[in-house]
Amino acid sequence: MSDTPGHRSDQHHGHDPVRIGIVSISDRASSGVYADQGLPALQDWLGRALCNPIVFEQRLIPDEQAGISATLIELVDLGCSLVLTTGGTGPALRDVTPEATLAVAHKLMPGFGEQMRQISLRFVPTAILSRQVAVVRDRSLIINLPGQPKAIAQTLEGLRDAGGQSLVPGIFAAVPYCIDLIGGPYLATRDAVCQAFRPKSALRGATTCPPTR
C-alpha cells in the first residue's frame, strides 16, 4: 500500500478544519502499471468545492476486500469526517469496494448510491451496473465514487444547463449537512462548484470563502 498521509491544503481562516480520507482502489495503479488518476481528481475537486482548510489522508491500494475495509477503519480512526473512495464498484470479480465498505458500516445511507446512478444514467446505460454505496461509521461518512475522474466530478457536483442552472443535484450538496448530523465539522462550499443544502435552522452566519488557487 502506498500513501501520502497528512497532506494539508492552504489554510482558510474562519472555517472549521476538516480531515478527509481519499482512497483510490486499483490493482494496476497500486502496482505501478499505470499512473493513478483518482486521487488527483478527488483532491482537485474537493479543493475547489470546499472553503475549509483540508488535511488529506491519501491511500492507493489494490482490490483486496480485507485491505479496503482495514483502510477505511484506519481513516475513520484517524479522525477523517469524510472518506471518499474511487474504483472497484462494478460487477467484475475483483470489484469488492461496496462489500468492503458495507462490512465496516454502522449505518447505511442508500440515497447517495441511488442519486449517483441517476446522474450517470444521463450519460451511459451501463450506469445500472455501478454498485456504489455510502455508509456512516462512527462520526465519519464514507462514500464510494465512480472510477473515472469525469464521472467523479459529475456525481459530486451534478448536472447544469448552459446557463449554469442545476438540472440534477450532485450528491455533495447533501454531504455537509450529513456531516453536521453525525457530529463533524461545518463544511462550507463554493456555490459555483457545488451549493450545499441545509435547513435554515442549521445555517451559520456568512463567512468569506477564499479564492481557489
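**Exercise 1. Locate Thr89 and determine whether this residue is buried or exposed.**

Step 1. Thr89 sits in the loop that runs between β4 (82-86) and α4 (97-102). Helices (H or I, at least four residues) and strands (E, at least two) are DSSP runs, numbered from the N terminus. The model is a predicted one, in which local features need pLDDT of at least 70, side-chain atom pairs count only at pLDDT 80 or more, and totals for chains, interfaces and linings use all residues. Residues are numbered from 1 along each chain as its sequence is written, and side-chain values use heavy atoms, with hydrogens and water left out.

Step 2. The relative accessible area of Thr89 is 8%. Buried means under 20% relative accessible area, exposed over 50%, and partly exposed in between (1.4 Å probe, protein chains only). Thr89 is therefore buried.

Step 3. A contact means heavy atoms within 4.5 Å. Leaving aside neighbours within four places in sequence, the contacts of Thr89 include Asp95, Pro98, Leu129, Asn144 and Leu145.

**Exercise 2. Follow the contact partner Leu145 into the nonpolar core.**

Step 1. With neighbours within four places in sequence left aside, Leu145 touches Leu42, Leu84, Met116, Ile152 and Ile171, among others.

Step 2. A nonpolar core is a set of buried Ala, Val, Leu, Ile, Met, Phe, Trp, Tyr and Cys residues joined through side-chain atoms within 4.5 Å. The largest such core has 35 residues, and Leu145 is one of those with the most contacts inside it, as are Ile20, Leu46 and Phe172.

Step 3. Helix α2 (residues 38-49) provides the largest share of this core, 6 residues. A second, separate core of 14 residues includes Ile61, Val76, Ala100 and Val135.

**Exercise 3. Describe the setting of Leu129, another partner of Thr89.**

Step 1. Leu129 belongs to the loop between α5 (110-120) and β6 (134-137).

Step 2. Because its relative accessible area is 43%, Leu129 is classed as partly exposed.

**Exercise 4. Characterise the chain as a whole: which secondary structure elements does it have, and how compact is it?**

Step 1. The protein chain has 7 helices and 9 strands.

Step 2. Its radius of gyration, taken over C-alpha atoms, is 16 Å.

Step 3. Buried residues make up 49% of the 213 residues. Among contacts with a separation of 6 or more, 73% join residues 24 or more positions apart.

Technical notes: The radius of gyration is taken over C-alpha atoms; the globule rule is 2.2 Å times the number of residues to the power 0.38.
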